[in-house]
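Subject: Handing over a structure, with notes

Dear colleague,

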Amino acid sequence: MHAQPLDLTSVWGEGWALTLAPRSPSFCLTAMGVTDAAPLPEGLAAFAQRSPFAGPPVLLAAAALDDEWSIVVESEAQTGWVGTHPDVLEALATPLAPACTITSDPNKVQVLFREHGRRVGGMEALTNRRWGHFGEETRRALRGAGFPDGYATPENPVPAAPSEGALGLLAAQAITGAELRSEHLRGPWLGGLTGKPYPSAS
């Protein structure tokens with residue numbers, strides 16, 4: 001029985017991306033196009049000071065979960081969600097652990113991940129529709145978290161969760177083995193601006 005995941009929809013509403021990576025916060029930001037990372041004393045409140053009409057570059061904020069894992073938060077998508085870039089996910093993955101990004105846009109939460117050296121895999125949290133590469137270990141981990149192998153149906157539903165954002169996080173935590181708790185959102189945060197362009201299809 002898995003613990004109920006943090007309800008990110010309740011925390012942030014819609015319009016955000018969260019990346020889980022087996023790398024340090026500074027490594028994550030560099031891989032995501034940030035050249036001048038610096039401490040963010042105001043934490044995630046820094047996003048509220050940004051104009052949604054300013055355009056790129058956009059702000060990224062990263063924090064450590066533990067000695068191995070980090071999270072990167074995005075709330076601006078003028079250049080697309082940086083954590084969905086195939087090259088970013090490949091750079092953040094290691095031979096022992098995948099990197100994973102959850103995106104929340106209006107009416108849709110998706111989970112994208114990349115096992116080291118493999119194609120990107122993706123799923124819609126609510127319908128369990130999947131595409132790309134899913135290794136057997138990933139399939140087994142999702143099964144263990146309560147996700148069916150095929151499309152969600154009344155007979156084979158996705159796990160109960162307080163929101164789609166929480167469901168996406170449950171899937172991401174199953175895929176990575178990392179756990180995000182509310183205390184992690186207190187930082188300390190490292191952040192910076194990136195103008196990385198919108199990812200091309202691949």
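The notes below go from the whole chain to single residues.

This is a predicted model, in which local features need pLDDT of at least 70 and side-chain atom pairs count only at pLDDT 80 or more, while totals for chains, interfaces and linings use all residues. Residues are numbered from 1 along each chain as its sequence is written, and side-chain values use heavy atoms, with hydrogens and water left out.

The protein chain has five helices and nine strands, where helices (H or I, at least four residues) and strands (E, at least two) are DSSP runs numbered from the N terminus. Along the sequence these elements follow the pattern α-β-α-β-β-β-α-β-β-β-β-α-α-β. The radius of gyration is 16 Å, close to the 17 Å that the globule rule gives for 202 residues, so the chain is as compact as a globular protein of that length; the radius is taken over C-alpha atoms, and the rule is 2.2 Å times the number of residues to the power 0.38. Along the principal axes, the C-alpha atoms fill a box of roughly 50 × 35 × 30 Å.

Of the 202 residues, 52% are buried, a term that means under 20% relative accessible area, with exposed being over 50% and partly exposed in between (1.4 Å probe, protein chains only). Among contacts with a separation of 6 or more, 62% are between residues 24 or more positions apart, contact meaning heavy atoms within 4.5 Å.

Leaving aside neighbours within four places in sequence, His 133 is in contact with Phe 113, Glu 115, Arg 118, Arg 119, Val 120 and Gly 121.

Two backbone features also deserve a mention. Asn 128, in the loop between β7 (120–124) and β8, has a positive phi of about 65° although it is not a glycine, and at 2% relative accessibility Asn 128 counts as buried. The peptide bond from Gly 187 to Pro 188 is cis, with omega near 10°, and Pro 188 sits in the loop between α5 (164–176) and β9 (190–194).
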